[in-house]
Amino acid sequence: MPDPAPPRFPSVVVSALTLLMATLTAAALMTRAPTVVAEEAREAEPLTVPERRPDGLNTHVRVFQIPALEADIDDQITEMAQVFPREADAETHPSPADDTGERDADAAMAPDGTAPVHEVSAPAAVVEQGPRVTLMPPQPLEPPPLKPLEIMLDWYPGPQHAALLIAQHRGTFTRHGLQVTLTTPADPTLPTRLLTSGRIDLAVSRQPLLHLQVDRGLPLLRVGTLVDLPLAGLLLRDDGIMESPAQLAGRRIGYSMEESRELLLPALLKPHGITLEELELVDVNFSAVIQMVDEELDGVMTPQRLALPRRLGDEGVTTRLLALEEHGIPRHEGLILVANRDRLGAQKESLRRLLEALTEASAWILEHPQAAWALLAENEPTLDTPANRDTWLAMLLRLSARPAALDHGGYASFEAFLHERGLLETLTPVEKLAVDLGAP
């Protein structure tokens with residue numbers, strides 16, 4: 001008999017074995033996939049990706065970890081570790097050959113079960129060879145250059161110049177970006193002549209003189225006020241004879257100002273029918289005291305009616321004052337700052353700073369009169385005289401608290417008064433006499 005044929009498995013058994021192998025293969029793949037997903041989920045950090053839309057709006061796309069998914073993956077890893085212990089150990093505990101110095105994952109896990117955070121230290125060689133930056137303090141910024149301004153006084157420094165002197169000695173001009181130089185003239189007529197020729201920036205002058213010089217065609221313009229009230233007056237010997245301007249005919253009268261001879265004395269005498277030709281006029285310049293004593297003058301028209309009586313009294317000459325505003329001459333500003341009209345456009349910014357500094361200085365003087373005098377006496381020794389000390393408080397009452405402000409009506413009325421008396425040839429509008437640089 002022929003050998004019996006080998007037994008053949010039924011097709012059902014073969015199909016069952018094939019299905020079992022496919023199931024095992026799929027299970028193995030599933031055991032590895034969650035592990036990879038879990039590792040990537042632990043290492044992933046929230047990302048913020050800026051994206052600019054054409055309309056200018058920013059859109060942020062955020063990718064978050066899902067704690068619930070992590071928990072499911074961890075449970076699956078635990079279950080598979082029981083079925084495939086070697087594979088699980090290989091995933092969670094790398095072999096020594098693959099170890100990079102990190103600790104076991106289980107040991108590095110945070111107590112709350114979250115993914116570990118590894119700190120990576122750069123090798124020492126890399127740190128030593130890397131670029132080095134030395135932090136140094138920034139270089140100090142240089143202040144902007146100061147704007148130079150030269151101002152010539154009308155007389156020797158005195159209490160009437162307090163705002164200019166205090167602003168200079170307290171550094172107020174410097175804080176306002178100015179380098180101011182104050183000079184004294186050798187002749188009372190020099191300041192406006194130098195100003196007209198453009199050799200100085202500003203001149204200290206007086207309102208009556210401004211009206212006279214503008215009428216003569218000089219390009220001068222008032223830009224600020226130092227003293228609001230008149231400082232000019234007629235000092236007469238107190239001999240009990242002269243009581244009014246009507247008694248001046250035939251007297252020897254000294255003067256030191258151009259406007260005294262051309263405007264003030266004629267305006268004072270005209271209502272009494274006296275002309276200048278009936279007086280003996282003497283130009284005393286800066287030496288009013290000496291001339292009054294040595295030349296035996298009967299009187300002097302002076303811009304220092306506050307201090308001069310004390311100075312003459314110290315020389316044994318008693319005087320009485322004839323205040324001009326009490327004898328028909330309108331009130332006017334005693335001391336002003338004058339600029340060249342043709343150069344005003346280029347100087348406006350510097351002049352505004354100057355007036356702001358003078359306003360600050362005047363306010364400080366009025367608030368601290370004793371400290372202001374002490375500062376003047378310390379820095380201007382020639383100013384510290386008995387006469388100036390006696391007149392200090394009286395001068396404070398006349399100082400302008402708002403140097404930039406313009407008394408438009410006062411300038412108009414004074415111009416009209418001089419024109420009506422025939423002392424000025426033309427009637428000049430205020431706009432050509434004065435300007436308010438502090439106005440908006």
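Before you start, residues are numbered from 1 along each chain as its sequence is written, and side-chain values use heavy atoms, with hydrogens and water left out. Because the model is predicted, local features need pLDDT of at least 70 and side-chain atom pairs count only at pLDDT 80 or more, while totals for chains, interfaces and linings use all residues.

**The whole chain.** Start with a cartoon view: the chain has 16 helices and 12 strands (DSSP runs numbered from the N terminus, helices being H or I of at least four residues and strands E of at least two). Of its 440 residues, 39% count as buried, meaning under 20% relative accessible area with a 1.4 Å probe, protein chains only.

**The aromatic pairs.** The structure holds 2 aromatic pairs. Rings of Phe, Tyr and Trp (its six-membered ring) pair if their centres lie within 6.5 Å; planes under 30 degrees apart count as stacked, over 60 as edge-to-face and the rest as tilted.

Select W373 and W392. Their ring centres are 5.4 Å apart and the planes stand at 45°, so this pair is tilted. W373 belongs to helix α14 (residues 369–379) and W392 to helix α15 (residues 386–396), so the pair ties together parts that are 19 residues apart in sequence. W373 counts as buried at 11% relative accessibility, and W392 does too at 3%.

Now move to F414 and F417. Here the centres lie 6.4 Å apart with the planes at 35°, so this pair is tilted as well. Both residues are in helix α16 (residues 408–420), where being 3 residues apart separates them by about one helical turn. F414 and F417 are both buried.

**Helix α15.** Go back to α15 and select its buried residues: A387, N388, T391, W392, M395 and L396. They cover an arc of only 145° around the axis, which puts them on the same side of α15 (the arc is that of the directions from the helix axis to the C-beta atoms). What do the buried residues of α15 pack against? Show α6 (162–169), β6 (220–227), α12 (308–314), α13 (344–367) and α14 to see these partners; contact means heavy atoms within 4.5 Å.

**Last stop.** Finish at R170, whose charged end sits over the ring of W364, 4.1 Å from its centre (CZ of Arg or NZ of Lys within 6 Å of the ring centre and within 35 degrees of the ring normal).

Note on methods:
Buried < 20%, exposed > 50% of the residue type's maximum accessible area, 1.4 Å probe, protein only.
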